[in-house]
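Please read it beside the sequence and the coordinates shown here.

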Amino acid sequence: MMTSKAMKPRQATAIPQFTSKDYSSFFLAGALCATITHGAMTPIDVVKTRIQIDPAYKKLNMLTGTRYVIATEGPRALLTGFGPTALGYLIQGGAKFAGYEYWKKKAVESVGDPEAAVKYRTAIYLGSASIAEFFADIFLTPLEATRIRLVSDRTYATGLVTGFTRLAREGGMRELYAGFVPILCKQIPYAIGQFTVNEFCHEIAFRSMSEETRRTLSGTSKFTIQLGSGIIAGFAAAILSHPADTLLSQINKGHGPKGSMPHRLAVLAREAGFRGLFAGLGPRMIMTAGLVSGQFILYGAIKEALGAPPGIEIHKETSAVV
């Protein structure tokens with residue numbers, strides 16, 4: 001006969017003391033998972049960017065846009081910007097994932113221990129993701145600017161080195177970092193959706209399980225939870241960050257008036273309107289769901305292969321079990 005009883009309070013958990021080797025493993029795992037997934041998504045990103053900024057693509061969807069690129073420029077055009085994408089997200093991914101682990105640990109330490117941190121977990125997730133993304137974007141912005149120039153102007157340069165060199169020579173630091181504010185507006189909501197929603201999806205999945213069930217989960221069950229959580233987090237990340245993603249493409253294309261960045265963004269947003277700001281959202285949701293779920297699956301697998309410890313968990317547990 002089944003009976004209900006209150007779950008015993010979880011035992012006090014010590015905060016793990018990650019070493020420099022652990023953080024190196026976090027960085028390497030984040031770097032590899034980000035560059036592999038973003039590199040694989042280059043064709044989708046090419047079409048998405050064209051839909052956002054090229055009038056010839058405005059009425060096209062992902063499928064017809066892909067066909068149009070192949071028909072007018074050949075299949076190789078779908079890999080435009082692969083170099084800066086792979087390198088940019090190699091550095092950014094490492095800094096973001098390792099940074100999230102670092103700032104999450106610091107936040108937990110600031111409130112005492114993992115049990116006390118459960119009450120503040122939403123703020124911890126949001127803050128850790130935002131701070132980690134801010135520093136990661138310092139490395140990403142110049143390479144993202146180069147990628148968008150290569151994708152939006154087929155005659156701009158032949159690849160990463162020539163494109164980056166031309167942009168630096170002609171525009172200097174000002175042009176390399178022209179998109180820093182909009183990229184923060186894009187990437188910080190993206191990171192919030194990615195990490196926070198993923199954490200809560202895992203929490204919801206685990207709430208329905210006893211401690212024993214969770215400890216004995218099969219590899220297939222773990223993979224299913226990771227995949228489902230990553231897909232939902234990817235949808236959230238895409239929706240939250242898409243307006244800024246559209247404006248970033250416009251800024252790096254050279255569109256908009258002169259003046260301060262907030263003024264340029266405000267004018268471009270008014271010109272685009274609500275519908276224009278969300279142009280290309282469908283393809284991007286598909287791309288981001290694949291990116292985020294793939295990253296979390298790879299990140300966990302690579303960390304395990306490197307012998308790195310798990311991150312700090314501050315999920316809220318159920319109050320009763322059956």
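The structure holds one cavity of 30 Å³ or more, where a cavity is a set of points, on a 1 Å grid over the protein atoms alone, at which a 1.4 Å probe fits but cannot get out. This is a predicted model, in which local features need pLDDT of at least 70 and side-chain atom pairs count only at pLDDT 80 or more, while totals for chains, interfaces and linings use all residues. Residues are numbered from 1 along each chain as its sequence is written, and side-chain values use heavy atoms, with hydrogens and water left out.

- Two or more lining residues come from each of H2, helix H4 (82-111), helix H6 (121-152), helix H8 (180-207) and helix H12 (281-306), helices being DSSP runs of H or I with at least four residues, numbered from the N terminus.
- By class, the lining divides into five nonpolar, five polar and eight charged residues, with Asp, Glu, Lys and Arg counted as charged, Ala, Val, Leu, Ile, Met, Phe, Trp, Tyr, Cys and Pro as nonpolar, and the others, Gly among them, as polar.

**Helix H2**
- Helix H2 (residues 42-53) has 12 residues and should span 16 Å at 1.5 Å a residue, which agrees with the 17 Å between its end C-alpha atoms; the expected span is 1.5 Å times one less than the number of residues.
- Because 10 of its 12 residues are buried, H2 is largely enclosed by the rest of the structure, buried meaning under 20% relative accessible area with a 1.4 Å probe and protein chains only.
- Asp-45 is among the buried residues of H2.

**Aromatic contacts**
- There are 16 aromatic pairs, defined as rings of Phe, Tyr and Trp (its six-membered ring) with centres within 6.5 Å, and called edge-to-face when the planes are over 60 degrees apart.
- Tyr-23 and Phe-26 have ring centres 5.7 Å apart and planes at 85°, so the pair is edge-to-face; both lie in helix H1 (residues 20-40), three residues apart.
- The rings of Phe-195 and Phe-296, with centres 5.8 Å apart and planes at 80°, are likewise edge-to-face, and this pair links helix H8 to helix H12 across 101 residues.
- Phe-18, Tyr-23, Phe-26, Tyr-102 and Trp-103 form one aromatic cluster.

How values were computed:
Buried < 20%, exposed > 50% of the residue type's maximum accessible area, 1.4 Å probe, protein only. 1 Å grid on protein atoms, 1.4 Å probe; cavity = no way out; pocket = protein on both sides within 12 Å on 5 of 7 lines; lining within 4 Å. Points joined across faces, edges and corners; volume = space filled by probe spheres on them. Phe/Tyr/Trp six-rings, centres within 6.5 Å; stacked < 30°, edge-to-face > 60°.
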